[in-house]
Amino acid sequence: MGGRGGSSGISAGGSFNYQTFGSAGEYKKEANEVMSGVKEVLTDFGMESELKAVSFVDEIKGDGMGVNGFGKLSISKSYLANKGKSSEGYFASDTFKGAGAHEAAHIVCYSLLKNKVMSGSGRYETSMARKGDKLEKSIIKEAKKRYGSNPKISGYGSTKFSEKVAEAVSDVYSNGRKANPYSKEIVKVMKDINAGRFIPKM
């Protein structure tokens with residue numbers, strides 16, 4: 001994902017500095033809230049190093065932010081400026097932190113896919129599985145089996161398997177004990193994959 005005004009935030013030692021937001025300009029406070037959600041999720045999964053760069057761009061067509069397969073997170077300044085104008089109830093958490101947790105979920109899923117589930121596969125096969133939401137389909141299938149049903153989490157979560165998983169993560173890390181029980185089940189499945197307790201068949 002391209003854009004102007006990029007800032008990697010990577011220190012000389014290779015670790016990510018979550019407080020490096022020079023290119024966020026006047027929206028540094030909002031950017032910090034987004035990154036608090038990113039950091040909490042990645043830290044909990046032990047995947048801080050999977051975030052490789054952060055880029056602040058003027059606008060992302062159709063999205064407020066997005067992450068690519070190389071661990072680069074792009075955040076739209078127009079999104080930071082206009083937060084709160086989205087449809088109420090469309091997202092599991094309509095907050096900057098929730099949005100950050102959502103994007104971190106995509107990073108976690110791709111890391112699980114390439115390092116836990118398809119570690120012996122080539123980059124092309126892994127990339128195609130990512131594009132096809134293969135892992136997220138398996139996560140939802142297992143969560144549905146454990147939970148007994150596959151209820152709606154949010155409007156946005158109903159658009160794609162990958163977005164449903166990301167919305168579940170956003171729900172859990174933003175709403176805590178008030179989160180949808182099914183969201184909690186989805187996160188449990190993700191943690192089981194990360195710990196090697198459950199490896200889905202792809």
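Colleague: What should I keep in mind about the numbering and the model?

Modeller: Residues are numbered from 1 along each chain as its sequence is written. This is a predicted model, where local features need pLDDT of at least 70 and side-chain atom pairs count only at pLDDT 80 or more, while totals for chains, interfaces and linings use all residues; side-chain values use heavy atoms, with hydrogens and water left out.

Colleague: Why are α1 and α3 called oblique to each other?

Modeller: Helix α1 (residues 28-44) and helix α3 (residues 96-117) pack at an angle of about 40°. Angles under 35 degrees count as roughly parallel, over 145 as roughly antiparallel, 65 to 115 as roughly perpendicular, and the rest as oblique. So α1 and α3 come out as oblique. Their axes, lines fitted to C-alpha atoms over the stretch in contact, are 7 Å apart.

Colleague: Which residues make the contact between α1 and α3?

Modeller: Contact means heavy atoms within 4.5 Å. On the α1 side the residues include V34, V38 and E40, and on the α3 side they include F96, K97 and A101.

Colleague: What makes E40 and K97 a salt bridge?

Modeller: You need a side-chain nitrogen of Lys or Arg within 4 Å of a carboxyl oxygen of Asp or Glu. The closest N and O atoms of E40 and K97 are 2.8 Å apart, so the pair qualifies as a salt bridge. E40 lies in helix α1 and K97 in helix α3, so this pair ties together parts that are 57 residues apart in sequence.

Colleague: How do you know whether K29 is buried or exposed?

Modeller: Buried means under 20% relative accessible area, exposed over 50%, and partly exposed in between (1.4 Å probe, protein chains only). K29 has 58% relative accessibility, so K29 counts as exposed. Its salt-bridge partner E33 has 30%, so E33 is partly exposed.

Colleague: Why is D192 called buried while R146 is called partly exposed?

Modeller: D192 has a relative accessible area of 15%, so D192 is buried. R146 has 33%, so R146 is partly exposed. Salt bridges that share partners join E142, R146, D192 and R197 into one network.

Colleague: How many salt bridges does the structure hold?

Modeller: The structure holds seven.

Definitions and conventions: Axes are lines fitted to C-alpha atoms, for helices over the stretch in contact, and angles run from 0 to 180 degrees between N-to-C directions. Helices (H or I, at least four residues) and strands (E, at least two) are DSSP runs, numbered from the N terminus.
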